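Have the model open alongside as you read.

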Amino acid sequence: MDRVNGMVSERPVVIFSKSSCILSHTVKSLFNDFGVNPTVYELDEIARGREIEQALSALGCSTMPTVFIGGELVGGANEIMSLQLKRVLKPMLIRAGALWV
């Protein structure tokens with residue numbers, strides 16, 4: 001878990017993803033449409049990806065993608081889309097320094 005904490009603490013938006021996951025693609029596209037440049041870790045393409053996936057699962061994230069904003073765990077695609085529909089995602093991104101308006 002220390003490895004995950006280190007990976008997410010240095011960037012405003014971090015997405016743990018799998019390259020073949022359509023929900024991951026959708027979430028990455030949403031952030032890109034906002035003009036946010038998230039740090040993306042494709043767990044099926046990086047060394048020790050399986051270990052990171054297990055650490056995320058221990059945090060309660062058993063699905064992909066898993067999104068952190070401002071170093072805080074936000075959740076998966078359902079949570080991100082819910083925040084977007086409630087119009088609170090953009091203010092979160094601004095507070096995290098990932099988006100300038």
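Glu53 counts as buried, because its relative accessibility is 17% and the cut-off for buried is under 20%. Keep in mind that this is a predicted model. Glu53 sits in helix H3. What does Glu53 touch, once its neighbours within four places in sequence are set aside? The contacts are Lys18, Leu43 and Met64.

Now look at Glu51, also placed in helix H3, which covers residues 49–58. Glu51 is partly exposed, with a relative accessible area of 41%. From Glu51 to Cys61 is ten residues in sequence, and their C-alpha atoms are 13 Å apart in space.

**The fold as a whole**

Stepping back, the protein chain has five helices and four strands. In sequence order they follow the pattern α-β-α-β-α-β-β-α-α. The radius of gyration is 13 Å, close to the 13 Å that the globule rule gives for 101 residues, so the chain is as compact as a globular protein of that length.

How much of the protein chain is buried? Buried residues make up 42% of the 101 residues. The accessible surface comes to about 5900 Å², and 49% of that belongs to carbon and sulfur atoms. As for contacts, take those with a separation of 6 or more: residues 24 or more positions apart account for 62% of them. On the charge side, there are 10 positive and 10 negative side chains, with the centres of the two sets 6 Å apart.

In soluble globular proteins, nonpolar side chains tend to be buried together. Here the largest nonpolar core has 17 residues, and the ones with the most contacts inside it are Val13, Phe31, Ile69, Ile80, Leu89 and Leu93.

Not counting residues up to four places away in sequence, Leu89 touches Leu30, Phe31, Phe34, Ile69, Ile80, Leu83 and Gln84.

Pro12 is worth a click. This proline lies in the loop between helix H1 (2–9) and E1, and is partly exposed, at 30% relative accessible area. Which residues does Pro12 contact beyond its neighbours within four places in sequence? The set is Phe68, Ile69, Gly70, Ala96, Gly97 and Ala98. Ala96 is 84 residues from Pro12 in sequence, yet the two C-alpha atoms are 5.5 Å apart.

Ser9, in helix H1, is exposed, with a relative accessible area of 54%. Its C-alpha atom is 9.1 Å from that of Phe68, across 59 residues of sequence.

The C-alpha distances mentioned so far line up like this:

| Pair | Sequence separation | C-alpha to C-alpha distance |
|---|---|---|
| Glu51 and Cys61 | ten residues | 13 Å |
| Pro12 and Ala96 | 84 residues | 5.5 Å |
| Ser9 and Phe68 | 59 residues | 9.1 Å |

Most residues other than glycine have a negative phi, and most peptide bonds are trans. Against that background, a few spots deserve a look. The peptide bond from Met64 to Pro65 is cis, with omega near 0 degrees. Pro65 lies in the loop between H3 and E3, while Met64 is one of the residues in contact with Glu53.

Arg48 has a phi near 65 degrees, a positive value in a residue other than glycine. This arginine lies in the loop between strand E2 (39–42) and H3, and is partly exposed at 47% relative accessible area. Arg87 also has a positive phi, near 65 degrees. Is Arg87 buried or exposed? Arg87 is exposed, with a relative accessible area of 72%, and lies in the loop between H4 and H5.

How values were computed:
Residues are numbered from 1 along each chain as its sequence is written. This is a predicted model: local features need pLDDT of at least 70, side-chain atom pairs count only at pLDDT 80 or more; totals for chains, interfaces and linings use all residues. Side-chain values use heavy atoms; hydrogens and water are left out. A nonpolar core is a set of buried Ala, Val, Leu, Ile, Met, Phe, Trp, Tyr and Cys residues joined through side-chain atoms within 4.5 Å. Buried means under 20% relative accessible area, exposed over 50%, partly exposed in between (1.4 Å probe, protein chains only). Contact means heavy atoms within 4.5 Å. Helices (H or I, at least four residues) and strands (E, at least two) are DSSP runs, numbered from the N terminus. The radius of gyration is taken over C-alpha atoms; the globule rule is 2.2 Å times the number of residues to the power 0.38. Accessible areas come from the Shrake-Rupley method with a 1.4 Å probe; for residues, only the protein chains shown count as cover. Lys and Arg count as positive and Asp and Glu as negative; His and the chain ends are not counted. The place of a charge is taken as NZ of Lys, CZ of Arg, CG of Asp or CD of Glu.
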